[in-house]
Amino acid sequence: MVCALGSALCFGAASVLQALGARAAEPGTGGGVDVTLLWRALRQWRYVAGLGLDGLGFVLQIVALRTLPIYAVGASLAASLAVTAVIASRVLNVRLRRIEWTAVGVVCLGLAMLALASGREGHDGTDSATLQWGLLVAAFAVLAVGAAAGRLPERPRALTLGLAAGFGFGVVEVAVRLIDSVDLTNPALYALLVGGGAAFLLLTSALHRGSVTTATAGLVLGETIGPALVGVVWLGDQTREGYGWLAVLGFAVAIAGSLTLARFGEAPAAPEAAPEAVG
């Protein structure tokens with residue numbers, strides 16, 4: 001659980017840096033998904049710093065996924081929004097209202113409930129060819145949904161891009177559990193690469209082109225609910241005996257608190273240049 005919370009700390013700090021870097025990049029074609037946007041964003045040091053934190057967070061996430069049920073790790077990653085909110089209140093001088101401080105506390109309560117109720121991670125079906133190929137199909141489906149999102153109006157476009165990015169990261173979460181070694185014949189390995197790459201591309205486009213609040217809410221839903229269901233139903237993730245109700249309640253509480261804090265994915269507006277003094 002320590003690694004899952006450490007991953008949330010890294011992702012929470014990275015989200016603000018990436019949003020700032022993506023929005024500082026040169027504008028592109030105006031479509032829903034701009035393939036060259038990622039290259040332009042990489043010229044922004046804040047975006048690169050955010051990627052560095054994401055890399056560290058991903059390593060910690062892998063360790064957590066190998067030792068905890070997916071539902072516990074997913075809820076911990078959603079709690080990165082609470083980290084973002086606290087950082088925003090201190091570093092970016094964003095004022096948290098009472099409801100938002102309450103939401104931070106709710107997220108912490110939900111994670112505490114999950115930590116108490118979580119059982120062992122499951123290993124059922126990890127060698128299932130159906131699940132491995134299904135993940136690869138899902139990864140390419142994420143790309144297809146992102147491409148189709150370019151035709152949508154701004155608000156549903158941001159939600160769709162964020163949701164698709166969340167599913168892409170969800171593919172990565174499940175794939176990590178299906179890979180024991182570097183096996184080039186394992187479809188789950190390619191699902192991890194395609195799903196992770198697609199998720200980064202779609203999330204960068206969402207941060208750049210639409211409401212980051214809306215995109216972040218979609219991201220939270222996509223990367224938590226789907227993978228949690230796969231972990232419980234297919235892989236056999238368990239809770240401690242007699243604590244199943246507490247795990248469900250803790251998961252719901254953590255996600256609800258995270259969605260309340262979704263607006264803290266929003267990058268602060270760049271300050272306007274001060275007019276030059278005359279005389």
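Helices here are DSSP runs of H or I with at least four residues, numbered from the N terminus. The model is predicted, so local features need pLDDT of at least 70 and side-chain atom pairs count only at pLDDT 80 or more, while totals for chains, interfaces and linings use all residues. Residues are numbered from 1 along each chain as its sequence is written, and side-chain values use heavy atoms, with hydrogens and water left out.

Let's start with helix H11, residues 244–260. Helix H6 (residues 98–117) packs against H11 at an angle of about 155°, and the axes are 7 Å apart; axes are lines fitted to C-alpha atoms over the stretch in contact, and angles run from 0 to 180 degrees between N-to-C directions. That makes H6 roughly antiparallel to H11, a label for angles over 145 degrees, with under 35 degrees counting as roughly parallel. The H6 and H11 crossing is left-handed, meaning that the near helix is turned anticlockwise from the far one by less than a right angle (clockwise would be right-handed). On the H6 side, the residues that meet H11 include Val106, Val107, Gly110 and Leu114; their partners in H11 include Leu249, Gly250, Val253 and Gly257. Contact means heavy atoms within 4.5 Å. By class, this contact of H6 with H11 has 14 nonpolar, five polar and no charged residues, where Ala, Val, Leu, Ile, Met, Phe, Trp, Tyr, Cys and Pro are nonpolar, Asp, Glu, Lys and Arg are charged, and the others, Gly among them, are polar.

H11 also packs with helix H4 (residues 70–78), at about 20° and with the axes 9 Å apart. That makes H4 roughly parallel to H11, and this crossing is left-handed too. Tyr71, Ala75 and Ala78 in H4 meet Ala247, Phe251, Ala254, Ile255 and Ser258 in H11, a set of seven nonpolar, one polar and no charged residues.

Now follow H4 to its contact with helix H3 (residues 45–65): the angle is about 155° and the axes are 9 Å apart. That makes H3 roughly antiparallel to H4, and here the crossing is right-handed. Gln61, Ala64 and Leu65 of H3 make the contact with Ile70, Val73 and Leu77 of H4, giving five nonpolar, one polar and no charged residues.

Back at H11, there's a pocket to look at. The second largest pocket has a volume of about 200 Å³. Its lining includes Tyr71, Ile225, Leu229, Thr239, Ala247 and Phe251. Helix H10 (212–233) and H11 each supply at least two lining residues, and H11 gives the largest share, five residues. The lining divides into nine nonpolar, two polar and no charged residues. Tyr71, Ala247 and Phe251 turn up in the pocket lining as well as in the contact of H4 with H11.

How values were computed: Angles under 35 degrees count as roughly parallel, over 145 as roughly antiparallel, 65 to 115 as roughly perpendicular and the rest as oblique. On a 1 Å grid over the protein atoms alone, a cavity is a set of points where a 1.4 Å probe fits but cannot get out, and a pocket is an open set with protein on both sides within 12 Å along at least five of seven lines; lining residues have an atom within 4 Å of a point. Grid points are joined across faces, edges and corners, and a volume is the space filled by probe spheres set on the points.
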